[in-house]
Amino acid sequence: MKSLLSLLTALLLTCSLQPSYAQNEDRLKTISSTIDDLEHSFDIVNKKLEDILWYNKVGDVAFIDKVRLAGPPKAVQTPIENPFHDALLDNDLLFWAYIFFPLETRQEGKYPLVVFPHGGVHGTWTTGSAHIIRELVAQGYIVVAPDYRGSIGYGKSFYRAIDYGGLENEDVLASVLYMIENYSIIDTSRVGLLGWSHGGMISLMNALKYPDLYACAYAGVPVSDLAYRISYQRPSYALNFTASYHIGKMPEEAPEEYARRSPVTYARDLRIPLMITTAENDDDVGVNEVRRMIDSLIFYRKDFEYKIHGRMPGGHFLDRIDTKEATDERFLAYKFLERYLKPQKPFASPAEMRKAGYLFN
């Protein structure tokens with residue numbers, strides 16, 4: 001705290017001086033960079049607190065682990081003019097993934113695996129999904145939840161390694177391969193994807209690009225068409241993609257690049273069971289964007305399930321909050337997964353599911 005106060009004092013003193021315009025510009029850049037670094041430092045602290053909270057919120061029903069894995073090299077590699085480091089820019093990128101095992105897991109058993117990528121352009125895996133994890137492990141699922149490149153809580157360099165719609169999908173793939181290669185208790189014929197929003201987009205992309213690995217995929221309110229998405233979002237949203245460490249261009253400047261990162265581009269490749277849900281009052285991923293994905297799948301005569309709700313409590317979070325309506329919607333999602341992943345203890349009713357996630361009903 002003392003060092004933070006000293007820093008703020010120094011910043012105030014800097015602003016109170018009357019140097020030349022060029023000096024002001026340099027100092028403003030320094031201040032901006034310092035604030036940016038502080039934000040990432042706070043994110044790291046928050047992440048450590050979240051890790052502790054996981055044990056508090058689900059430790060009574062699950063074994064929890066966090067493993068460090070390797071994905072492809074950074075998509076944007078920036079030399080720092082140090083020969084040693086610059087020669088190794090193509091090294092794999094390290095990332096973390098959470099694993100949740102039901103307490104009843106036994107070495108001699110075989111269990112289905114749910115792959116659960118988090119949402120957010122720069123999101124992270126948090127205990128906001130604690131009730132969902134409780135519900136999944138209660139059914140007998142093992143869960144892997146990767147903090148893929150671009151996730152917050154691991155510093156500026158990892159944050160700037162973001163590759164939305166690109167190599168983040170390979171990070172998720174690496175987490176799946178890790179589970180299959182290292183845990184003999186995983187039934188490789190019962191691996192499914194579950195995700196919402198950006199996580200729903202990653203579920204779609206993995207299902208469409210690597211269908212041989214997965215038995216099914218559920219995509220709730222999924223980002224589906226990145227160029228279209230930017231066209232209706234606030235102007236500031238595009239800054240996530242035009243940053244020099246990311247795509248660096250707007251969709252009209254690089255249409256093929258944005259198409260490459262969009263699930264709608266790969267609709268013709270669907271080969272596994274899929275369910276998509278959305279709501280007409282979604283204030284984040286607009287219903288018309290999701291309809292573009294649905295319409296593309298219908299155009300290619302793909303067999304899949306979808307549900308477009310009217311107005312739902314929570315809008316974008318229609319099935320991830322704690323309302324009765326959200327509980328009922330998650331129950332339907334689990335019933336879809338159940339058909340293909342065959343968990344040992346499927347829920348018979350939303351009330352049973354509610355008790356597993358919230359202790360009482």
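**Close-up views of a predicted model**

Glu135 is buried, with a relative accessible area of 0%, where buried means under 20%, exposed over 50% and partly exposed in between, taken with a 1.4 Å probe and protein chains only. The model is predicted, so that local features need pLDDT of at least 70 and side-chain atom pairs count only at pLDDT 80 or more, while totals for chains, interfaces and linings use all residues. Residues are numbered from 1 along each chain as its sequence is written, and side-chain values use heavy atoms, with hydrogens and water left out.

**View 1. A salt bridge joins Glu135 and Arg330.** The closest N and O atoms of this pair are 2.8 Å apart, a salt bridge being a side-chain nitrogen of Lys or Arg within 4 Å of a carboxyl oxygen of Asp or Glu. Because Glu135 lies in helix H4 and Arg330 in helix H12, the pair ties together parts that are 195 residues apart in sequence; helices (H or I, at least four residues) and strands (E, at least two) are DSSP runs, numbered from the N terminus. Arg330 is likewise buried, at a relative accessible area of 1%.

**View 2. Eight strands form an open sheet with mixed pairing.** The strands follow the order E1-E2-E4-E3-E5-E6-E7-E8, and two of them count as paired if DSSP finds at least two bridges between them. Strand E1 (62-71) and strand E8 (305-309) stand at the edges with a single partner strand each, so one side of each is left without a neighbour in the sheet. Strands E3 (residues 111-115) and E4 (residues 142-147) run parallel and are joined by three bridges, and Val143 in E4 is the bridge partner of Val114.

**View 3. Arg229 and Asp284 meet through their side chains in a salt bridge.** The N to O distance is 2.5 Å, and the pair links distant parts of the chain, with Arg229 in helix H8 (residues 226-232) and Asp284, 55 residues away, in the loop between E7 and helix H11 (287-299). Arg229 counts as buried at 3% relative accessibility, whereas Asp284 is partly exposed, with a relative accessible area of 26%.

**View 4. Glu325 is found in helix H12 (residues 324-341).** At 38% relative accessibility, Glu325 counts as partly exposed. Leaving aside neighbours within four places in sequence, Glu325 is in contact (heavy atoms within 4.5 Å) with Met312, Pro313 and Leu318. The C-alpha atoms of Glu325 and Leu136 are separated by 18 Å, although these residues are 189 residues apart along the chain.
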